[in-house]
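Please consult the sequence and the structure below alongside the text.

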Amino acid sequence: MKKMIMLCFLPLLGACASSSVSQKLTFVSFEEKPKPQELTSVGSIEGRTCTWALLGYELGLAPSVRDAFTNAVHQKEEGMLPTEQAKSKGTGGSLKMVRNVAVEEGGFNAWVVSRRCITVTGVGYR
């Protein structure tokens, strides 16, 4: 009977996952010599990179903080489906600086199919 009860609760343990990788990075610049006084704020930004897995096998490269920052800098939005490429969602050029940066891991795991993501958020400057 105990085994049967454990089998009923087991699916609930692996449904969603989210953890903080890094928080409160105060300043990330994409220029060699940044001049914050000359930049214009574009508001809150987000960059995300994800990978899908089917039966435990990833269907692409593992998500990385570098790819999430690249999507944030170029203001690209990751598609929901595994085959979709990141599309530009912003107007204007790429970012030059990000303040108050947080990097988080997230996604879900439904055993048959799962999705792992890394998300970068902050205040962007151009």
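L55 is placed in the loop that runs between β2 (41-54) and β3 (57-58); strands (E, at least two residues) and helices (H or I, at least four) are DSSP runs, numbered from the N terminus. The model is predicted: local features need pLDDT of at least 70 and side-chain atom pairs count only at pLDDT 80 or more, whereas totals for chains, interfaces and linings use all residues. Residues are numbered from 1 along each chain as its sequence is written, and side-chain values use heavy atoms, with hydrogens and water left out.

**Positive phi in loops**

- Most residues other than glycine have a negative phi.
- L55 has a phi near 55°, a positive value in a residue other than glycine.
- L55 is exposed, its relative accessible area being 60% (buried means under 20% relative accessible area, exposed over 50%, and partly exposed in between, with a 1.4 Å probe and protein chains only).
- W111 likewise has a positive phi, near 60°, and is not a glycine.
- W111 belongs to the loop between β6 (97-109) and β7 (113-125), and with 48% relative accessibility W111 counts as partly exposed.

**Disulfide**

- The structure contains one disulfide, defined as a pair of cysteine sulfur atoms within 2.5 Å.
- The disulfide is formed by C50 and C117, whose sulfur atoms are 2.1 Å apart.
- Because C50 lies in strand β2 and C117 in strand β7, the pair ties together parts that are 67 residues apart in sequence.
- The link of C50 and C117 is right-handed, with 110° about the S-S bond.
- C50 is buried at a relative accessible area of 11%, and C117 also counts as buried, at 8% relative accessibility.

**Salt bridges**

- Two salt bridges are found in a search of the whole structure; a salt bridge is a side-chain nitrogen of Lys or Arg within 4 Å of a carboxyl oxygen of Asp or Glu.
- R48 pairs with E46 in a salt bridge, and the closest N and O atoms are 3.0 Å apart.
- R48 counts as partly exposed at 32% relative accessibility, and E46 is partly exposed with a relative accessible area of 31%.
- R116 forms a salt bridge with E58, in which the closest N and O atoms are 3.4 Å apart.
- This pair links distant parts of the chain, with R116 in strand β7 and E58 in strand β3, 58 residues apart.
- R116 is partly exposed, with a relative accessible area of 39%, and E58 is partly exposed, with 38%.
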